[in-house]
Amino acid sequence: MLVESLASKAGACSGRYVDGTPFKHAGKPEGAADEFGHELVKAGYNYHGSEVMVNGMLGTEMPAEIFIGSVYYQRLRHMVSDKFQVRSCGPVNKMTHQPIKGRKLGGGIRFGEMERDSLLAHGAAYLLHDRLHSCSDRHIANVCSTCGSLLAPTVVGTGISLSNLAAADGSRGTAIVCRLCDSPKGVEKVALPYVFKYLASELAAMNIRISLTLKK
Ligand SMILES: [Zn+2]
């Protein structure tokens with residue numbers, strides 16, 4: 001590309017086609033710069049193809065000379081208007097409660113493992129919590145502190161006869177009762193990613209039980 005830049009610059013000055021094949025000058029005492037340098041000087045350019053540039057904001061001359069020439073390239077059809085992506089609120093996946101993907105669907109850009117590692121390396125714990133929890137699939141789950149179950153606590157109407165329901169908070173006519181302990185006692189609200197609950201359900205389907213130990 002460097003040889004092509006020099007060759008095309010010299011060619012443009014004299015109005016002719018120039019061979020800019022790489023390695024053509026290898027092994028010869030005169031390099032590519034020497035072949036095109038004389039022509040460039042004749043046309044009023046720098047021998048090595050560099051040019052003086054001026055700062056567009058300050059109008060001052062840049063201290064470094066910058067190598068400039070033309071090269072052949074093909075323009076690619078990548079437009080910002082086709083690629084920009086933005087999301088604040090939007091649709092979520094029914095299964096995981098996490099934001100969906102896809103620009104057209106108003107989805108988010110995945111904050112993956114590598115991005116997570118980056119925030120961990122920076123010690124940005126609050127930002128990590130914000131991205132992966134608060135802005136993702138934050139869920140207030142009912143966990144039974146007695147048996148540790150994430151799936152057993154169930155919202156029931158107070159009309160249903162359960163032995164210990166008298167102790168339930170029936171202010172709205174419903175109570176959250178642990179189906180395993182048959183009691184509303186010890187059911188606590190815990191903020192966790194919804195996919196964790198989904199994982200617990202998938203494991204339960206395979207006969208594997210997750211038990212949580214709650215601490216104040
Ligand atoms: Zn329980």
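Cys144 is buried, its relative accessible area being 0%, and Cys178 likewise counts as buried at 0% relative accessibility, where buried means under 20% relative accessible area, with exposed over 50% and partly exposed in between, for a 1.4 Å probe and protein chains only. The model is predicted, so that local features need pLDDT of at least 70 and side-chain atom pairs count only at pLDDT 80 or more, while totals for chains, interfaces and linings use all residues. Residues are numbered from 1 along each chain as its sequence is written, and side-chain values use heavy atoms, with hydrogens and water left out.

**Disulfides**
- The count of disulfides comes to 0, a disulfide being a pair of cysteine sulfur atoms within 2.5 Å.

**Domains**
- The protein chain is divided into domain 1 (2-67), domain 2 (80-131) and domain 3 (139-205), with bounds that come from an automatic or database domain assignment.
- The centres of domain 1 and domain 2, taken over C-alpha atoms, are separated by 47 Å.

**Largest pocket**
- The largest pocket holds about 870 Å³ of space; a pocket is an open set of points on a 1 Å grid over the protein atoms alone, where a 1.4 Å probe fits, with protein on both sides within 12 Å along at least five of seven lines, and lining residues have an atom within 4 Å of a point.
- Its volume is the space filled by probe spheres set on the points, which are joined across faces, edges and corners.
- Of the 28 residues that line the largest pocket, Pro99, Ile109, Arg110, Phe111 and Ser136 lie nearest its centre.
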